[in-house]
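Good morning, colleagues. Please bring up the sequence and the model on your screens, and keep both in view while I speak.

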Amino acid sequence: MKMITLLFHLICFALLGELSTSLPEDRLLNTSQLEMFVDELHDMPRIQGFHVVNGTPKPKSLTIGMFKKKWKFHRDFPSTPVFAYGASRRTATVPGPTIEALHAIDTYVTWKNHLPSKHILPWDPTIPTAVTKKGVPTVVHLHGGILEPASDGNSNSWFTAGFKEKGPTWSKRTYHYNNNQQPGNLWYHDHAMGLTRVNLLAGLIGAYIIRHPDVEGPLKLPFGHEFDRPLIVFDRSFRKDGRIYMNSTGNNPSIHPQWQPEYFGDAIIVNGKAWPKMKVRRRKYRFRIINASNARFFRFFFSNGLEFIHVASDSSYLGEPVMTNETLLAPSEIADVVVDFSKSKTDEAVLANDAPYPFPSGDPVNESNGKVMKFIIKKKREVDTWRVPKNLIKYPSSNLSTVSHTRYITMYEYTSDVDEPTHLYINGKPYEAPVTETPKEGTSEIWNVINLTKDNHPMHIHLGLFTVLDQTELVKEEEFKECMSKMNDAIKCQVSKYARGKKKEVAAHEKGWKNVYKMMPGYVTKILVRFSYIHSNTSYSFDPTGMPGYVYHCHILDHEDNAMMRPIKVIKREA
């Protein structure tokens, strides 16, 4: 009885100020009453991750803090308390500044936690969580970065304000981003154990671009602050007093008082503004679209039929451009596209969304979350100096002859007596169970990802890049599930006997090298994972075998936190 009372008090303390929903200021804001397209799209502050000395780029050290401040998401509702990245509290923004790095030029970042003693959002201590005596734990992961383990932002490498408390795998204050990988799009975000979903909801996200002028310059793609813009898209709900709304009661409150399996908000935010507008000229623009939502998938399309010209996916260029009328983006995926506004037959174009939530079989979009932003297109036509070449950057394709190991990765969801999700595991194991994925440095592996849940899970692998080879539907899925629930062994359950259904073609713009992919429910998705650089076919410029290693996980943050994440330990290849 004493333990129950103690747990009750701990939970009440964690949720202090969030349990009551009856006060007037706590009522939800009705987003349908807000006027759309009234705020200008922000171009987030840009910070160079390098010095130029006598015309030569040199390494640079940055200090970027995390601050609590107020942020204005929309003209017509109050400022919102947020957590924001920035060089100072005054300059901190949501999203944070875009860091622009150069290939092969080192960037060093000291991430400093200036956050208060208590969180601005409710959290749940009954899931695996970084719990401190005082202060909000944070740690920064550079998503898509090919980095030494100590700079990868391991979930247990968290720290509080002033580094007063540190997680069990914390080892350094300054992270080293060597930028030796291929040019492309990355983004940085919080990764603290059990708190990723709430820390990102609070605002801890930002874009990071690795540029390689010698390789990218000849492509003549749209360039410069006006024509090359990151678009960081996410959803939020708000209270009438301006605060971000997050549920304070879980779907299984007797098990997890606060945790719910997915967070969805009705307001769609782009670069820190709800449904912004952007004036554009009748020429080509490049948009690096990052889905920074906790759980929402976006299926983007233009209201006037404009097309997307895909030039890259996640952190890697495609070999050739791919045109589509729509593009489906899971949480944490990046679509790097060119849009040619000279092709528009109208003077306005709304970027819209029609992805159900949860994806793929959830509710249809409504008026609020079905609109993203508006482009106002100038009438005057002009000469366009940008182009999209027929060939982009060709990397070596996946080579099955180099595969050193084959693995089976199974996704499970567990439910309570009332059939509500309680937690999710990969391979039936919690995060802290001994590591089972031990790839050798410089090798490639086949991973057969078996999704036995009803959700589409965007799986993200730290360090390794992968290509999607095959997607095959399971037949007699319930029979296979029953075996797996007992044996948790795909080979013993004869997965080959069940993976015989219809094939799902991989979209052309997703056939390149990825770091996240959408694992469809009831399917086996075969991927080739490479643990070496893709642009040079060489081993890493750092030792990937050190501690604390790496992880892979579902990037629906509510799933990752509870506890759909497993460790990876890279081992040295025999000479």
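I shall speak about a sheet, the nonpolar cores, the aromatic pairs and a few individual residues. Please bear in mind throughout that this is a predicted model.

Let me begin with the sheet. Five strands make up an open sheet, and their order is S15-S23-S22-S17-S20, with mixed pairing. Which strands stand at the edges? They are S15, residues 277-282, and S20, residues 326-329; each has a single partner strand, so one side of each is left without a neighbour in the sheet. On average, neighbouring strands of this sheet are turned by 25° against each other, direction ignored.

As a reminder, strands of a sheet pair through backbone hydrogen bonds, in either a parallel or an antiparallel arrangement.

One loop deserves a stop here. Between strand S22, at 348-353, and strand S23, at 371-381, there is a loop that holds Asn-369. Is Asn-369 buried or exposed? Its relative accessible area is 0%, so Asn-369 is buried. Leaving aside neighbours within four places in sequence, Asn-369 is in contact with Gly-265, Asp-266, Ile-268, Arg-296, Asn-353 and Tyr-357.

I turn now to the nonpolar cores. The largest has 98 residues, and Trp-111 and Phe-287 are those with the most contacts inside it. What does Trp-111 touch, if residues up to four places away in sequence are not counted? The list is Ile-64, Met-66, Tyr-85, Ile-99, Val-140, Phe-159, Phe-163, Arg-173, Tyr-175, Tyr-177 and Tyr-188. Another core, of 52 residues, lies apart from the largest one, and its members include Phe-359, Leu-465, Ile-534 and Val-570.

Val-140, one of the residues that Trp-111 touches, takes us to strand S7, residues 140-143. From S7, Val-140 and Leu-142 point one way, while His-141 and His-143 point the other way; all of these are buried. S7 pairs with strand S9, residues 184-190, in the antiparallel sense and over four bridges. His-141 has a histidine as its bridge partner in S9, namely His-189.

The next topic is the aromatic rings. Across the whole structure, a search finds 27 aromatic pairs. A pair of this kind is described by two quantities, the distance of the centres and the angle of the planes.

Consider Phe-163 with Trp-170. The ring centres of Phe-163 and Trp-170 are 5.9 Å apart and the planes stand at 55°, so this pair is tilted. Phe-163 is buried, at 8% relative accessible area, whereas Trp-170, at 23% relative accessibility, counts as partly exposed. The cut-off for buried is under 20%, so the value of 23% places Trp-170 in the partly exposed class. Trp-170 also has Lys-166 over its face, at 5.0 Å from the ring centre.

Now consider Tyr-285 with Phe-287. The centres of these two rings are 6.1 Å apart and the planes are at 10°, so the pair is stacked. Tyr-285 counts as buried at 1% relative accessibility, and Phe-287 counts as buried at 2%. Both belong to a cluster linked by ring pairs, made up of Phe-227, Tyr-285, Phe-287, Phe-302, Phe-308, Phe-341, Phe-375 and Trp-386.

Phe-227, from that cluster, is found in the loop between helix H3 (213-216) and strand S11 (228-238). With a relative accessibility of 8%, Phe-227 counts as buried. Which residue lies over the face of Phe-227? That residue is Arg-283, at 4.5 Å from the ring centre. Phe-227 and Lys-284 are 57 residues apart in sequence, and their C-alpha atoms are 7.4 Å apart in space. Neighbours within four places in sequence aside, Phe-227 is in contact with Pro-222, Arg-281, Arg-283, Lys-284, Tyr-285, Arg-286 and Trp-386.

Ala-312 is buried, with 3% relative accessible area. Residues up to four places away in sequence not counted, Ala-312 touches Tyr-317, Leu-318, Ala-335 and Asp-336. The C-alpha atoms of Ala-312 and Ser-496 are separated by 33 Å, and the two residues are 184 residues apart along the chain.

Thank you for your attention.

Notes
Residues are numbered from 1 along each chain as its sequence is written. This is a predicted model: local features need pLDDT of at least 70, side-chain atom pairs count only at pLDDT 80 or more; totals for chains, interfaces and linings use all residues. Side-chain values use heavy atoms; hydrogens and water are left out. Two strands pair if DSSP finds at least two bridges between them. Helices (H or I, at least four residues) and strands (E, at least two) are DSSP runs, numbered from the N terminus. Axes are lines fitted to C-alpha atoms, for helices over the stretch in contact, and angles run from 0 to 180 degrees between N-to-C directions. A nonpolar core is a set of buried Ala, Val, Leu, Ile, Met, Phe, Trp, Tyr and Cys residues joined through side-chain atoms within 4.5 Å. Buried means under 20% relative accessible area, exposed over 50%, partly exposed in between (1.4 Å probe, protein chains only). Contact means heavy atoms within 4.5 Å. Rings of Phe, Tyr and Trp (its six-membered ring) pair if their centres lie within 6.5 Å; planes under 30 degrees apart count as stacked, over 60 as edge-to-face and the rest as tilted. A charge sits over a ring if NZ of Lys or CZ of Arg is within 6 Å of the ring centre and within 35 degrees of the ring normal.
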